[in-house]
Amino acid sequence: MDTEILKIFDEQGRQIGTAARDEAHKKGLWHETFQVYFIDVNPEGSTLYLQQRSHRKKDFPRLFDMTVAGHLMEHESVHDGVREIEEEVGIHVSIDELIYLGKMKNIINTNKIADKEFSHVFLYECKISLESFSLQKEEVDGMVKVDLHDFIQFYYGKCNQLTAEGFMIDQDGKKAMYTRVLSKDEFVPHSKEYTAAVAEAMSSHLSGKLD
């Protein structure tokens, strides 16, 4: 696999060089990511889609996270990140269909990784079903949908669990459907500052739309 080279920034967001992805995560160097949250807003009940990261992933295998995410390479602009959507979940979306929520500092520190991201966060308002997703096995093990209002409260830190309906890809490559309650420790451990910023941006954009 070719080494992924990222643009590296100072804390104010000014580019200061480049580095390999592994080096950025080892040394805690600021870099850029592209993130999309798929939402379905409707009177019958608004939902949000979350991916379960592949068990093959080096970082945070099997944990749940936003619908689509990826690192931006040294030669890529923010708009180029839209490629991640079709690659990961098999749905073609143009950059013009996305709603930009902003660039947010996203820090994750564990004993295995020092991840400092400037995350470019988008919403995608859509009318699709769970059956529409075709997952890239190297990146994604499954997809679930949760109540959008409950998810915003979860990201604000006002609740610790979410009821999810979705599927995992089984050993035969088929979608195994399930419904279960997800706890906080089953999610990628984003900082409280990041999750609150995303929740606030979602709430502001969706003001008057939520059921």
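The side chains of aspartate 185 and serine 183 are joined by a polar contact of 2.5 Å. This model is predicted. Aspartate 185 sits in the loop that runs between strand S11 (175-183) and helix H4. Is aspartate 185 buried or exposed? Its relative accessibility is 62%, so aspartate 185 counts as exposed. Along the chain, aspartate 185 and phenylalanine 64 are 121 residues apart. Their C-alpha atoms are separated by 9.4 Å.

Now set a second pair beside that one. Isoleucine 169 and phenylalanine 187 are 18 residues apart along the chain. Their C-alpha atoms are separated by 18 Å. Isoleucine 169 belongs to strand S10. Its relative accessible area is 32%, so isoleucine 169 is partly exposed; the buried class would need a value under 20%. Beyond its neighbours within four places in sequence, isoleucine 169 contacts Leu135, Asp141, Lys174 and Lys175.

Phenylalanine 64 leads on to strand S5, which spans residues 64-65. S5 pairs with strand S4 in the antiparallel sense, over two bridges. Glutamine 51 has aspartate 65 of S5 as its bridge partner.

S4 has other partners too. Strand S9 (residues 140-147) pairs with S4 over seven bridges, again in the antiparallel sense. Here leucine 50 stands opposite valine 144. Strand S3 (residues 30-40) runs antiparallel to S4, and three bridges join them. S3 and S4 form a hairpin, with six residues between the two strands. Glycine 45 lies in the turn and has a positive phi of about 140°.

How many of the seven residues of S4 are buried? Seven of the seven are, so S4 (residues 47-53) is largely enclosed by the rest of the structure. In a regular strand, side chains alternate between the two faces of the sheet. Both faces of S4 are covered. Thr47, Tyr49, Gln51 and Arg53 are buried on one side. Leu48, Leu50 and Gln52 are buried on the other.

An α-helix has 3.6 residues a turn, so residues three or four places apart point the same way.

Look next at the two ends of H3. At the start, a side-chain oxygen of aspartate 147 comes to within 3.1 Å of the backbone nitrogen of histidine 149. Glycine 157 follows H3 and has a positive phi, near 85°.

The last stop is lysine 7, in strand S1 (residues 5-9). Which class does lysine 7 fall into, buried or exposed? Its relative accessibility is 14%, so lysine 7 counts as buried. The side chain of lysine 7 reaches the backbone oxygen of glutamate 76 at 2.8 Å. Residues up to four places away in sequence aside, lysine 7 touches Gln15, Gly17, Thr18, Trp30, His31, Glu32, Met73, Glu74 and Glu76.

Notes: Residues numbered from 1 in each chain as written. Predicted model: local features only at pLDDT ≥ 70, side-chain atom pairs only at ≥ 80, totals over all residues. Heavy atoms only, no water. Buried < 20%, exposed > 50% of the residue type's maximum accessible area, 1.4 Å probe, protein only. Helix = DSSP H or I, 4+ residues; strand = E, 2+ residues; numbered from the N terminus. Pairing = 2+ DSSP bridges. Polar contact = N/O pair within 3.5 Å; in protein donor to acceptor, adjacent residues only side chain to side chain. Contact = heavy atoms within 4.5 Å.
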